Amino acid sequence: MNTKIEIYTYSSKSQDLITKTIEKYTKDTWLFSYKENILHICDELIKNAIKSNYKLILILFELKNLYKSSLGNIESQELMDWLKEILFSGEHQLIHHNLKKISHEDISKKLKELMHYERFYIEYKENKSNSHYLKEIRTIAKIKQILKKFGIYTLVEFYQNPEFIHILIQNGSPILEEDFLRIVEKRKTFSEYVKNQKKEEFFVENIDTSGGGHGLGYPLMDALLLEMGLKPEEHLYLVSAKRTMVLLNLPLKPVQESVNA
């Protein structure tokens with residue numbers, strides 16, 4: 001059994017489809033009792049993917065403005081295509097060389113604004129409300145056009161074998177090395193808190209809104225897996241490549257050994 005869901009805008013329709021698909025795959029298994037946990041994890045991963053896509057476009061805009069001043073004779077689209085190839089190259093040294101030229105604080109601030117605008121855009125598309133936010137809605141529409149042109153969207157794939165339900169969330173944009181390392185470190189720190197019976201204290205002591213929302217989302221997902229009796233490091237994998245992939249492995253039979261939650 002295999003199901004693929006392409007997400008360009010994470011509307012209520014998309015959320016309903018993800019919910020129904022989770023219910024279909026977990027029906028008649030122990031996982032059905034934890035369908036809300038699974039939905040929460042998928043929801044978080046999809047929203048992370050959308051943030052990453054928007055962050056990529058913001059970075060491209062910033063780099064384009066930077067290079068345009070010194071390469072005034074180059075066409076804007078040609079410049080954008082060239083910069084996109086750099087960010088998708090997987091060459092961390094080359095990517096870092098370019099990223100250090102821009103303000104990541106400004107990028108994070110603009111990203112938060114875009115995620116706010118995204119809500120206006122979805123509400124407008126669903127029921128034509130929020131017409132007084134047309135400027136913000138047009139901003140999102142413009143970015144979505146660029147993402148579509150580049151073939152960047154989020155793919156959620158469900159597939160099942162006799163032992164596992166696998167949920168693969170594949171993002172059209174690469175994850176930046178700094179974001180990947182921050183996520184890895186957050187998960188490692190959270191694991192240490194869990195071992196020391198201080199899971200709740202982690203979320204109080206490690207609030208961090210930097211990096212466009214990356215970071216605490218993964219410990220939250222790890223906490224949901226722990227509630228299910230699953231070890232996060234064995235059931236949720238983040239792959240750093242030219243495309244960002246996250247694999248959620250859900251065993252069809254409950255894990256027997258206890259997990260320190």
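Student: Which residues of helix H4 (residues 92-99) are buried?

Tutor: A caution comes before the answer: this is a predicted model. In helix H4, the buried residues are Ile95, Asn98 and Leu99. They cover an arc of only 100 degrees around the axis, so they sit on the same side of H4. Gln93 and His96 lie on the other side of H4, and they are exposed. An α-helix has 3.6 residues a turn, so residues three or four places apart point the same way.

Next, a helix pair. Helix H2 (residues 35-68) packs with helix H6 (residues 134-149) at an angle of about 90 degrees. Their axes are 10 Å apart. H2 is therefore roughly perpendicular to H6, since angles of 65 to 115 degrees count as such. H2 brings Asn53, Tyr54, Ile57 and Phe61 to the contact. H6 meets them with Ile140, Ile143, Lys144, Ile146 and Leu147. By class, the contact of H2 with H6 has seven nonpolar residues, one polar and one charged.

Now the strands. Strand E2 (residues 154-160) pairs with two others. Strand E1 (residues 2-7) pairs with E2 in the antiparallel sense, over six bridges. Within that pairing, Lys4 has Glu157 in E2 as its bridge partner. Strand E3 (residues 164-171) also pairs with E2 in the antiparallel sense, here over seven bridges. Thr154 has Asn171 in E3 as its bridge partner. A hairpin of three residues joins E2 to E3. What about burial? Five of the seven residues of E2 are buried, so E2 is largely enclosed by the rest of the structure.

The relative accessible area of Ile175 is 9%, and buried means under 20%, so Ile175 counts as buried. Along the chain, Ile175 and Leu87 are 88 residues apart.

Methods. Residues are numbered from 1 along each chain as its sequence is written. This is a predicted model: local features need pLDDT of at least 70, side-chain atom pairs count only at pLDDT 80 or more; totals for chains, interfaces and linings use all residues. Side-chain values use heavy atoms; hydrogens and water are left out. Axes are lines fitted to C-alpha atoms, for helices over the stretch in contact, and angles run from 0 to 180 degrees between N-to-C directions. Helices (H or I, at least four residues) and strands (E, at least two) are DSSP runs, numbered from the N terminus. Angles under 35 degrees count as roughly parallel, over 145 as roughly antiparallel, 65 to 115 as roughly perpendicular and the rest as oblique. Contact means heavy atoms within 4.5 Å. Ala, Val, Leu, Ile, Met, Phe, Trp, Tyr, Cys and Pro count as nonpolar, Asp, Glu, Lys and Arg as charged, and the others, Gly among them, as polar. Buried means under 20% relative accessible area, exposed over 50%, partly exposed in between (1.4 Å probe, protein chains only). Two strands pair if DSSP finds at least two bridges between them. The arc is that of the directions from the helix axis to the C-beta atoms.
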